[in-house]
Amino acid sequence: MITPIPKNYKGLISITGPTRSGKSKLAELLITEQDPVTYIATSKPRPNDPDWLKRVDLHRKRRPDIWTLIEHPKDICKAIESIKRNESILIDSLGGLVEQYLIEDDDQWNNFQIKFLNCLSQDILCIVVVSEELGWGIVPATPIGHLFRERHCNLSSLISRQSNKRWLAVNGTAIDLDKIGDLIP
């Protein structure tokens, strides 16, 4: 049975999974015992997308009212650095963050990745990062789709490598990757 992580846990936890796999619910369950919690929602608003608005509303309704919410920060590292050391952070999700940096060239993207990974590497906070699994699907037919997939998959892999705990959510089932797998050297 899955239980919340212990109160005052410090370290990075990554959770990946496909759409509607339960990864966000798993993240919310794991961080339940932490207090206080800051939830960073990375996706920008999509007012003309009713399906997206429904999904965002489901997430909003599940979140406890006592959690602090930061929506699509322009600089996520500044947002993380502004959070007190006694708080825990849930970042949901990596896709919204990558989307914000698609217009950047490769050098700017690489600089952002390094900065972001450095701000996640502090073991003075509990940080849970939710990430979509993209590489198992079709090959994108457009250059922007390919760029998104490549950047997202690379960053997700780098985050997983530096995580203290790793989970995969599939069809509502949580798989503890640390118990059944090993990192590839």
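A residue counts as buried under 20% relative accessible area, as exposed over 50%, and as partly exposed in between. Keep that rule in mind for the close-ups below, which all come from a predicted model.

**Figure 1. Lys165, a partly exposed residue in strand 6.** Lys165 has a relative accessible area of 31%, so it falls in the partly exposed class. You will find Lys165 in strand 6, which covers residues 165-170. Which residues does Lys165 touch, leaving aside its neighbours within four places in sequence? Its contacts are Tyr9, Leu12, Ile13, Ser14 and Asp178. Look for Asp176 too: 11 residues separate Lys165 from Asp176 in sequence, and their C-alpha atoms are 8.1 Å apart in space.

**Figure 2. Helix 1 and its buried residues.** Helix 1 spans residues 23-30, and six of its eight residues are buried, so the rest of the structure largely encloses this helix. Which residues of helix 1 are buried? They are Lys23, Ser24, Leu26, Ala27, Glu28 and Leu30.

**Figure 3. The stacked pair of Tyr39 and Trp67.** The model has five aromatic pairs. In one of them, the ring centres of Tyr39 and Trp67 lie 6.3 Å apart. Planes under 30 degrees apart count as stacked, and the planes of these two rings meet at 25°, so Tyr39 and Trp67 are a stacked pair.

**Figure 4. Phe112 and Phe116, an aromatic pair in helix 5.** Here the two rings are stacked, at 5.6 Å centre to centre with 10° between the planes. Phe112 and Phe116 are both in helix 5 (residues 106-120), four residues apart, which is about one turn of the helix. Why does such spacing matter for direction? An α-helix has 3.6 residues a turn, so residues three or four places apart point the same way. Are Phe112 and Phe116 buried or exposed? Both are buried. Together with Tyr101 and Trp109, Phe112 and Phe116 make up one aromatic cluster.

**Figure 5. Two arginines over aromatic rings.** The charged end of Arg63 sits over the ring of Tyr39, at 4.2 Å from the ring centre.

Technical notes
Residues are numbered from 1 along each chain as its sequence is written. This is a predicted model: local features need pLDDT of at least 70, side-chain atom pairs count only at pLDDT 80 or more; totals for chains, interfaces and linings use all residues. Side-chain values use heavy atoms; hydrogens and water are left out. Buried means under 20% relative accessible area, exposed over 50%, partly exposed in between (1.4 Å probe, protein chains only). Helices (H or I, at least four residues) and strands (E, at least two) are DSSP runs, numbered from the N terminus. Rings of Phe, Tyr and Trp (its six-membered ring) pair if their centres lie within 6.5 Å; planes under 30 degrees apart count as stacked, over 60 as edge-to-face and the rest as tilted. A charge sits over a ring if NZ of Lys or CZ of Arg is within 6 Å of the ring centre and within 35 degrees of the ring normal. Contact means heavy atoms within 4.5 Å.
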